[in-house]
Amino acid sequence: SGPEPAPRVEQVRAAHQQSPEREWRSYLGDPSRDHFSPLQQINRETVADLEVAWIYDAGDADPAGGTQIQFNPLVVEGVLYGASPTLRFFALNAATGEELWSFDPGTEVEVWTATRGAVYWAEGDEERLFFGAGPYLYALDPVRGKPIASFGENGRIDLREGLGRDVGDDIM
């Protein structure tokens with residue numbers, strides 16, 4: 001299954017030279033959700049010179065059109081975090097498109113369910129990626145791509161539980 005993800009992610013992070021305000025650590029870019037980046041490399045004079053740097057094929061789109069992707073990726077310390085059409089969550093080297101790890105929430109999540117974004121959280125030495133898949137909220141280790149066992153039940157919580165009423169499966 002390839003090399004361990006942690007050293008690969010740590011290598012990308014070590015090579016990364018951007019400050020946090022030049023990344024996309026939050027849904028839609030920053031806490032104000034204004035889709036703004038302070039980067040200056042692309043402007044009216046340079047936009048015509050753009051070329052494709054890399055392409056990532058998640059490989060799990062339904063050719064008949066039964067899947068979709070509605071996701072705003074995050075970029076943290078040179079690592080791009082995204083979701084595939086079947087809600088497989090992945091980490092890529094943002095400079096090259098090389099996959100560093102992927103996490104599949106499994107068969108308990110309907111593939112037609114959309115996930116629109118993720119949240120990166122860090123405090124001290126702790127960091128987490130939160131994303132929704134079906135009725136579940138997952139907390140992943142952003143370096144290893146594994147669920148954080150201390151979060152909910154083995155890294156996830158069921159958003160239908162504890163509401164004081166039966167919501168069934170028909171709302172997700």
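**View 1. Y81 and W101, two buried aromatic residues.** Y81 and W101 are both buried, where buried means under 20% relative accessible area with a 1.4 Å probe and protein chains only. The model is predicted, so local features need pLDDT of at least 70 and side-chain atom pairs pLDDT 80 or more, whereas totals for chains, interfaces and linings use all residues. Residues are numbered from 1 along each chain as its sequence is written, and side-chain values use heavy atoms, without hydrogens and water.

**View 2. The stacked pair of F89 and F131.** The ring centres of F89 and F131 lie 4.4 Å apart with 15° between the planes, which makes the pair stacked; rings of Phe, Tyr and Trp (its six-membered ring) pair if their centres lie within 6.5 Å, and planes under 30 degrees apart count as stacked, over 60 as edge-to-face and the rest as tilted. Because F89 lies in strand 3 (residues 89–93) and F131 in strand 6, the pair ties together parts 42 residues apart in sequence; strands are DSSP runs of E, at least two residues, numbered from the N terminus. F89 is buried at 0% relative accessibility, and F131 is buried at 1%.

**View 3. The aromatic cluster and the charges over Y136.** Ring pairs join Y81, F89, W101, F103, F131, Y136 and Y138 into a cluster. Over the ring of Y136 sits the charged end of R156, 3.7 Å from the ring centre, and the charged end of R160 also sits over this ring, 5.7 Å from its centre; the criterion is NZ of Lys or CZ of Arg within 6 Å of the ring centre and within 35 degrees of the ring normal.

Note on methods: Buried means under 20% relative accessible area, exposed over 50%, partly exposed in between (1.4 Å probe, protein chains only). Helices (H or I, at least four residues) and strands (E, at least two) are DSSP runs, numbered from the N terminus.
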